[in-house]
Amino acid sequence: MCAKKVDAIVIGAGWAGSILAKELTEAGLSVVMLERGDERATAVEGDYPSSIDELRGAIRHRLFQNLSQSTVTIRNTLDQEALPYRRLAAFLPGEGVGGAGLHWSGVHFRVAPDDLALRTNVVARYGKNFIPEGMNLQDYGVTYEELEPFFDKAEKVFGTSGEPYTINGKIAGNGNRFAPDRSDAFPLPAMGEVYSASLFRSAASNVGYHPYALPAANASAQYTNPYGVQMGPCNFCGYCSGYDCYMYSKASPNVNILPALRQDPKFTLITKAHVLKVNLDADKKKATGVSYLDLRTRQQVELDADLVIISAFQFHNVHLMLLSGIGQPYDPKQNTGTVGRNFVYQTITTSRAWLSPKQYTNLFVGAGGAGVAIDDFNSMNFDHGPLGFVGGSPVWVNQAGVKPIAAAIGGPGGKAPTWGEGYKDAMVDTYRHSLTIDAHGSNMAYRDVYLDLDPTYNNAYGQPLLRMTFNWKDNDIRMNQYVVGKIEPIIKAMGATKYSLGMLKDGEVFDTRRYQTTHLGGGAVMGTDPKTSCINRYLQSWDVSNVFVIGASAFPQGMGYNPTGMVAALAYWAAYHIRTTYLKNPGPMVQA
Amino acid sequence: MKIPSSTRRNFTAGLLGSTSFWMYGGHKVWADALQSEGALAYKPQYFNHEEWQFINAACARIFPADAHGPDGALLGAPEFIDRQMDTPYGHGQLWYMSGPFRAGAPNLGYQLPLPPRDLYRQAIAAANMYVRDHHQGQVFAQLAAPEQIAVLKAFEQGKMMLGDVPAHAFFEQLRQNTLEGVFSDPLYGGNKGLAGWTLLGFPGARADFMDWVNQKGAPYPFGPVSMSGETA
Ligand SMILES: Cc1cc2nc3c(=O)[nH]c(=O)nc-3n(C[C@H](O)[C@H](O)[C@H](O)COP(=O)(O)OP(=O)(O)OC[C@H]3O[C@@H](n4cnc5c(N)ncnc54)[C@H](O)[C@@H]3O)c2cc1C
Ligand code: SF4
């Protein structure tokens, strides 16, 4: 065992960790970033053609977390016994340098400002009784105006392509009219539109909705970001979600931040370093560093630091807090504690429209972040009063590139057979002539949906697995059904020959076998009240003031938008306040 | 694989039309070519004779021959599955395989202690036992196609167990691996002659559509290429 000391330790080399490590080294700190997975560089993992191998990539999960070492257990209700998530399916956490940021898709949103103060807004508009029993609706404790400079910064680092609506209060483009005001344009113009997306645009507009180009962290043109690193133009290769981009066009920590960071002598990246816990002093008020397992030598190493950043991905953040004893674990029966409270996800359902045999949708053409969406039924952009639910969904065509194995296993859809006679006919029709439309929506937090440590199952290092208690609730099911109902007129306006609407059914239980999204949230939420949040509005632990917890774990409820834009903005926001306030006078930045 | 040039032309014609190339004349030439150099020459490394016969028959029923082209066995899906058995996937090294193993609600996912290779070994033996009981001592591979289909449907929909394996879990394993074989890069032993990709109109490793982002509904004009540069 070797004891060493640095200024700051960053746990996890994904988006959140790389942003914090960059900012802290810029502030002059010595930083060690610990990543349990392998070193990953686009020149190697993104090498053509081995990078575009569907079997090895998205099917055998080349870049994803290897569950054989560690996973979670899942149950739907408090009285059930949780069972291990043995095979990757519903969500796909990352592992290795870049984290899930290496194999994500690149849809790069800001936030719907109403979502930041959802409780306040719902109560103001519909009264307190509108909130269903058992729903923990909360505010973030931070406003859009405060975050705007950090959204802007993140977009410039990511090289995001998009079309604005307003800039500094003036209409500047044909972008999303529900999007909040911007201080500057997107760094790159919007991505091109595939045929399916352009059909959606005109049909949605004919029906009276307000279509816009999805903001994408896929580069629509050659780009150099503020760190001096370069991106090439995206060629819609279609091997986007689940793959490393061989064109250097999809933003990743590996392409957009680490090349600059790696040159800084104050920065050290250690891979194959699995952090077991954050070490605390005797009264659990200060972190002294971390203990990690060097997976190469199987030695446990203690590393001391003045500042510890937990940025290991949403549920790993919560797991590390529970294993370390940071804060009080949430107890759903007593309704006490905060760590693990407000665990949330997102609702997503896919509808399909078939076009005439003369119309080829060429589903294999696509980019992960590109597409056309409407926000007419997202956030608080519509009147919930008569509907009686909280939340909403953007709706979009996001043709990210459909590869044949996934398409074939998923089957032709509708009532067509999934094998045997008639399968090939239907599959050919679906693959050549159909398109999909998603309702990608919010998921609220509930008293009996949470994270804690599993009483039975351990990881390969003898530590208890994290346990998820999660189920769909009536509020979110009804929201999904309502929004999917709004897709039907769009499909009809497209002139579809037939269609099938995908929606959550009444009473539907969460199914771990079907991929939904990797947009898990909450469990270590930010807020203004230490009784209902783990971290303050600067993402600083209320309990251990030299620990900051960065990630979607900070979201009090699951929003309709994809999370990473918000995660990156919160990371820059926290880093800014660490640099300008915390480092000058370490200690709690908000008094509990 | 060498494909006679007449077939190549038909293939291109098919891609451009709404029906796949197989509808056009000359497909017999391709089938013969597949037969002579493809699937049948392979010697299984993991499966024993009885298992191999079973897998071949099942792949042909799951992905049948029809006007679009040959069946999954001819396209090399059995070879693909056999080769997968000796990968980290086949050995269950990509899955959390620590106990205790308990049965649970289906929506909580796979809970068997069996990696794919053991699952196949157990379930095929039990499946043949089941078939012997119902079909006068014959094994699955000896049945006529309609009977094989009926057996697979019974597995897919039934509640029966094949050894420790629920029949529907075995069927789904077989279905998924067959389709993986038909539609993965030929590097892995299936998708012979790129016929799986050609069927769907998937261009394989081309992965550059800079000029094809939006063709207003026209079909993409180029046939598939494998990672090693093989074309159909
Ligand atoms: C297929 C896919 C598509 C997606 N598409 C989108 C999209 O279009 N838009 C969007 O907004 N989001 C998308 N996401 C989500 C996005 O990837 C995540 O929101 C984002 O990567 C989160 O960043 P992070 O830094 O919090 O975590 P990560 O990027 O996951 O990084 C965390 C890192 O910490 C490491 N780590 C964990 N535990 C430990 C430990 N104990 N010790 C050491 N290291 C540890 C992990 O190995 C990992 O490398 C997608 C995700 C997936 C899987
Ligand atoms: S679609 Fe574009 S951004 Fe995505 S992997 Fe391909 S080239 Fe990269």
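Guide: Gladly! One definition before we start: axes are lines fitted to C-alpha atoms, for helices over the stretch in contact, and angles run from 0 to 180 degrees between N-to-C directions. Please keep in mind that this is a predicted model.

Visitor: How are helix 3 and helix 5 of chain B oriented to each other?
Guide: The axes of helix 3 (residues 49–62) of chain B and helix 5 of chain B cross at roughly 80° and come within 10 Å. Angles of 65 to 115 degrees count as roughly perpendicular. Helix 3 of chain B and helix 5 of chain B are therefore roughly perpendicular.

Visitor: How many charged residues are in the contact of helix 3 of chain B with helix 5 of chain B?
Guide: From helix 3 of chain B come E50(B), E51(B), F54(B) and I55(B), and they meet residues of helix 5 of chain B including R121(B) and R132(B). Sorted by class, this contact has 5 nonpolar residues and 1 polar, and the number of charged ones is 4.

Visitor: Which hand does the crossing of helix 5 and helix 7 of chain B have?
Guide: These two helices of chain B pack with their axes 10 Å apart, at an angle of about 120°. Among the residues in contact are L119(B) and A123(B) of helix 5, with F170(B) and L174(B) of helix 7. The classes are 8 nonpolar, 2 polar and no charged residues. As for the hand of the crossing of helix 5 and helix 7 of chain B, it is left-handed.

Visitor: And which hand does the crossing of helix 4 and helix 7 of chain B have?
Guide: Helix 4 (residues 77–84) and helix 7 (residues 167–183) of chain B have axes 8 Å apart and an angle of about 110°. The two helices of chain B are therefore roughly perpendicular to each other. The crossing of helix 4 and helix 7 of chain B is right-handed.

Visitor: Which residues of helix 4 of chain B make the contact with helix 7 of chain B?
Guide: The contact divides into 4 nonpolar, 3 polar and 1 charged residues. Helix 7 of chain B brings N177(B), T178(B), E180(B), G181(B) and V182(B), while helix 4 of chain B brings A77(B), F80(B) and I81(B).

Visitor: How many salt bridges are found across the interface of chain B and chain A?
Guide: In this interface, 75 residues of chain B are in contact with 68 residues of chain A. The buried area is about 5800 Å², with 59% from carbon and sulfur atoms. D66(B) and K424(A) meet in a salt bridge at 3.3 Å, N to O. Across the interface of chain B and chain A, the number of salt bridges is 3.

Visitor: How many residues apart in sequence are the parts that R579(A) and E23(A) tie together?
Guide: The side chains of R579(A) and E23(A) meet in a salt bridge of 3.1 Å, N to O. R579(A) lies in helix 16 (residues 564–582) of chain A and E23(A) in helix 1 (residues 15–26) of chain A, so the parts tied together are apart in sequence by 556 residues.

Visitor: Where is P100(B) found?
Guide: Most peptide bonds are trans. G99(B) and P100(B), however, are joined by a cis peptide bond, with omega about -5°. P100(B) is found in the loop between helix 4 and helix 5 (116–134) of chain B.

Definitions and conventions. Residues are numbered from 1 along each chain as its sequence is written. Chains are lettered from A and ligands numbered from 1 in the order in which they are written. This is a predicted model: local features need pLDDT of at least 70, side-chain atom pairs count only at pLDDT 80 or more; totals for chains, interfaces and linings use all residues. Side-chain values use heavy atoms; hydrogens and water are left out. Helices (H or I, at least four residues) and strands (E, at least two) are DSSP runs, numbered from the N terminus. Angles under 35 degrees count as roughly parallel, over 145 as roughly antiparallel, 65 to 115 as roughly perpendicular and the rest as oblique. A crossing is left-handed if the near helix is turned anticlockwise from the far one by less than a right angle, and right-handed if clockwise. Contact means heavy atoms within 4.5 Å. Ala, Val, Leu, Ile, Met, Phe, Trp, Tyr, Cys and Pro count as nonpolar, Asp, Glu, Lys and Arg as charged, and the others, Gly among them, as polar. Buried area is the accessible area (1.4 Å probe) that two parts lose on being put together, summed over both. A salt bridge is a side-chain nitrogen of Lys or Arg within 4 Å of a carboxyl oxygen of Asp or Glu.
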